[in-house]
Amino acid sequence: MDGCPPGLDLSPVDIQGELDRRRPGVGPGASPRKEEDRVEILSGVFEGKTTGIPISLLIPNRDPKSSDYDRLRDVFRPGHGDFTYQKKYGLRDHRGGGRASARETAARVAAGAIARKVIGEAGVEVFGYTLELGGIRAERFRREDIRMNALLCPDSRAAERMAERLEAIRAEGDSLGGVVEVRATGCPAGLGEPVFDKMDADLAKALMSIGSVKGVEIGAGFQIARMKGSESNDPLTPEGFRSNHAGGILAGITNGEEIVIRAACKPISSIGKEQETIDTHGNPRRISVGGRHDVCVIPRIIPVCEAMVCMVLADHLLRQDGVRRKA
Ligand SMILES: Cc1cc2nc3c(=O)[nH]c(=O)nc-3n(C[C@H](O)[C@H](O)[C@H](O)COP(=O)(O)O)c2cc1C
């Protein structure tokens, strides 16, 4: 991780807590893989403080099981990166744990933990939760509920129904998708850039770069296309904005309101249910993917989404220091 300011208190404990939230085996719908994810800081920290040089982190994978993937050597899993990797590189390491694997999200979460400290110093807090899973949507928002159910849903009653649905789908050898919502509070107005690196553009790219994320919405999102201007505008009052359809961003720049962003996640592609595919020679095959897969990326993807948002906000906070220097 490059660009972290010097003098920030940082120890492996700061990062470990976030990694533990991403680990497989956490929550319903999780894979039984045991990625222990112990982080080691290799550089960039001296006597508990960041030095300003790049921070290297090492997170060994202590539970790989390559043999799980033997059956996939010559066949493409529908919905996964097997086919496109083969097309791009002309060869493919089928053994799992590669760049199309969620294993790479450990690095995002570790770096995000550092970014979280950077933005925390500016009073910005980022938290995410399950808005929807398998078509079941949270009907109310109670922040305290998020910590009270394994699916990190702000509506505990909806969480129960989501968990039941997950178990039923697991039994069918199938999988589910869902929607994660991330909010950033305490973000000052003025962060972002006016043209290519707009805050909303950077956030969308950051979230879309996570495996399984297929759509991003900000504020009112796609719903805003169905509103009239008089409905979608957030009126300004001396006390602040009267509503937040903008999701905290106007013209690519934060307006001081809460940033609200959603990521639509597709169902896990590796499913036990038999499906149609082809082998590397183009012959038709049937495939049932075994191994230790998640049933849904939720809730494991939540700390990953949070990490990406933290990194984008940290970048823009640091950039803003060069625009309007603090007195
Ligand atoms: C936290 C997380 C966990 C995931 N777990 C699995 C898994 O167990 N099995 C699987 O096939 N895909 C899993 N995925 C999804 C794949 O990484 C992703 O679908 C794949 O790379 C194809 O890319 P795409 O979905 O962006 O098209 C997971 C993704 C995330 C973010």
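How many helices and strands does the secondary structure of the protein come to? Let's take this predicted model one view at a time.

**View 1. The secondary structure of the protein.** Here you can count 8 helices and 15 strands.

**View 2. The overall dimensions of the protein.** The C-alpha trace spans about 65 × 55 × 40 Å along its principal axes. A compact globule of 327 residues would have a radius of gyration near 20 Å, so the 21 Å of this protein agrees with that expectation.

View 3. Of the 327 residues, 43% count as buried. Among contacts with a separation of 6 or more, 69% come from residues 24 or more positions apart in the protein.

**View 4. Helix 6 meets helix 8.** The crossing of helix 6 past helix 8 is right-handed.

**View 5. The residues that make this contact.** From helix 6 come Met199, Asp202, Leu203, Ala206 and Leu207. Helix 8 answers with Cys305, Met308, Val309, Val312, Leu313 and His316. Which kinds of residue make up the contact of helix 6 with helix 8? They divide into 9 nonpolar, 1 polar and 1 charged.

Note on methods:
Residues numbered from 1 in each chain as written. Predicted model: local features only at pLDDT ≥ 70, side-chain atom pairs only at ≥ 80, totals over all residues. Heavy atoms only, no water. Left-handed = near helix turned anticlockwise from the far one by under 90°. Helix = DSSP H or I, 4+ residues; strand = E, 2+ residues; numbered from the N terminus. Contact = heavy atoms within 4.5 Å. Nonpolar A, V, L, I, M, F, W, Y, C, P; charged D, E, K, R; others polar. Rg over C-alpha atoms; globule rule 2.2 N^0.38 Å. Buried < 20%, exposed > 50% of the residue type's maximum accessible area, 1.4 Å probe, protein only.
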